[in-house]
Amino acid sequence: MDGDDYQGRRVSVRDIGARKQAEAEIQRLAYSDPLTGLANRRQALERLGQALAASDRSAQWGAVFLLDLDHFKKINDLLGHKHGDELLRKAAERLRSITRRSDTLARLGGDEFVLLAEDLATDQERAAQQAEAIAAKIRSALAPPCMLSPDAAPIEMTASIGVTLFLGEAADREALLRQADVAMYQAKNEGRNSFRFFDPEMQALLERRGALEQALRQALVRDEFELHFQPQVDRERRWVGVEALVRWRDPRQGLIPPMQFIPLAEETGLIVDIGQWVLDAACATLSAWSEHPQARNWQVAVNVSARQFHQPDFVQRVRSTIEHHGINPRHLVLEVTEHVVLEDIDGIADRMHELSNLGVSFALDDFGTGYSSLNYLKHLPIAKIKVDQSFVRDITSDGDDAAIVCAVLAMGRALRIGTIAEGVETQAQHEFLLAQGCDEFQGYLIGRPMPAAELLDFLSE
Ligand code: C2E
Ligand code: MG
Ligand code: MG
């Protein structure tokens, strides 16, 4: 049967059939994931919209699960994309086997899957228990070792799962996915192969971190960091050096201390650039001091983070910074913590020897707070250990702290490594440390960290 279409052209039934088929094909492509045949992100969002409306009518809770396969990238890199794809198909198959008819299972892309579970209980606590049971089911479905090919070793599949509950239409679809993502991120962070509910505090924290990270990147571009210097004195209270301590001058918040941004900078890798800025600024200061009657003899200590130290080109960067500023490398001290050293002791030892051959020396910062395995000290070119301020603080009142400090100082003597106490605030602490043979001192008693110009004024007072 032929008929007129709305434009008056004649079309045959066969045309209509073909068009319907094409439309169905387009629908399929638009709404499903070609690799696994599951729903795709678009369909997941659409279903989630419908689920919200349904939950509004039924007053039943629903849950959005976001799963991310653990170590998928590694498997993909190691075994190749073909096996990677196969693993994703297997995961999809296993997940499909445990979903109910009313559930929606989707692949968002990569190794991320979403499971939308509807019609949970009307009571929130009960709904949460049901969600927990579903997560357990997901994990056990994925658990059996997976054979990708007859000759390859079986692969263990685990996932980190984040879940957020919803009730009614008030929730926003994208926001729910973001919440599930936050929870999943937390599950990953807490050791993978685990499951977490969304926690609004966690989200607030992540948002603050995100904003801080952005601001830190800007700070580098806008050159908002500055160095303060804190004096270090010998047993006769002569100034022998300074420690360079970074600060961030935020245009709105003013001067921000390092503890508020260094940890995040370490996590995000920004510390590599910030650390290079610090090294450069410290060497520039050394160069500026090279004509100063007193300051020309000082050593400047620079804190170096583990991540920065482990950069493949770290030695090269230190060398070229020294050359660029034309400074005497013997005036540069790198302060590292035990964490730097303990990661890969042999590799680190080589690197430290290379640097000390340049003339640079090392101080071991925050000594006593890490693992304090004394064994490595013998193998490393360490000129000084810094007794951590947490021990110095109660040195005159806490017998354990006093004993630790005495042991560290004795060990320094035995190994012929210099000692410096940090955080010396009182005369009593200073006297105790002097009596125990400590070589050098740093702390508010002697002087606070201050800008270079102020430091030189302070000296001439
Ligand atoms: P740190 O290297 O152990 O530095 C000593 C910290 O103790 C400094 O805090 C200093 O201001 C503080 N301090 C000095 N004397 C006293 C005292 O008598 N009493 C007390 N209560 N505190 C004292 P600041 O400048 O806030 O730095 C904190 C930490 O931030 C540093 O600890 C270091 O781990 C890190 N940091 C600072 N600058 C840099 C840097 O340029 N790069 C890296 N990677 N880390 C840095
Ligand atoms: Mg330090
Ligand atoms: Mg320290």
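The lining of the largest cavity holds seven nonpolar residues, one polar and no charged. Here Ala, Val, Leu, Ile, Met, Phe, Trp, Tyr, Cys and Pro count as nonpolar, Asp, Glu, Lys and Arg as charged, and the others, Gly among them, as polar. The model is predicted: local features need pLDDT of at least 70, side-chain atom pairs count only at pLDDT 80 or more, and totals for chains, interfaces and linings use all residues. Residues are numbered from 1 along each chain as its sequence is written, chains are lettered from A and ligands numbered from 1 in written order, and side-chain values use heavy atoms, without hydrogens or water.

**Stop one: the cavity**

Select Ala 44, Leu 45, Leu 48, Val 64, Thr 104, Val 114, Leu 116 and Leu 177, which line the largest cavity. On a 1 Å grid over the protein atoms alone, a cavity is a set of points where a 1.4 Å probe fits but cannot get out; a pocket is an open set with protein on both sides within 12 Å along at least five of seven lines; lining residues have an atom within 4 Å of a point. Colour α2 (41-58) and β5 (112-117) next: each supplies at least two lining residues. Helices (H or I, at least four residues) and strands (E, at least two) are DSSP runs, numbered from the N terminus. α2 gives the largest share, three residues. The volume is about 60 Å³, counted as the space filled by probe spheres set on grid points joined across faces, edges and corners. The whole structure has four cavities of 30 Å³ or more.

**Stop two: the largest pocket**

Move to Leu 245, Pro 258, Met 259, Asn 303 and Asp 365, the residues nearest the centre of the largest pocket among its 40 lining residues. Its volume is about 1000 Å³. Show β9, which supplies the largest share of the lining, five residues. The lining divides into 18 nonpolar, 11 polar and 11 charged residues.

**Stop three: ligand 1**

Ligand 1 sits in this largest pocket, meaning that more than half of its atoms lie within 2 Å of the pocket's grid points. Select the 23 residues around ligand 1 (a heavy atom within 4 Å). Ser 305, Asp 365, Gln 389, Glu 425 and Tyr 444 come nearest. β9 (239-250), α9 (271-288) and β13 (361-367) each supply at least two residues of this shell. β9 gives the most, four.

Which side chains have an N or O atom close to an oxygen atom of ligand 1? Glu 243 has one at 2.9 Å, Asp 365 at 2.8 Å and Gln 389 at 2.6 Å. The protein covers 85% of the 790 Å² of accessible area (Shrake-Rupley method, 1.4 Å probe) that ligand 1 has on its own. The shell divides into 10 nonpolar, six polar and seven charged residues.

Methods:
A polar contact is a pair of N or O atoms within 3.5 Å; within protein, one must be able to donate a hydrogen and the other to accept it, and residues adjacent in sequence count only if both atoms are side-chain atoms.
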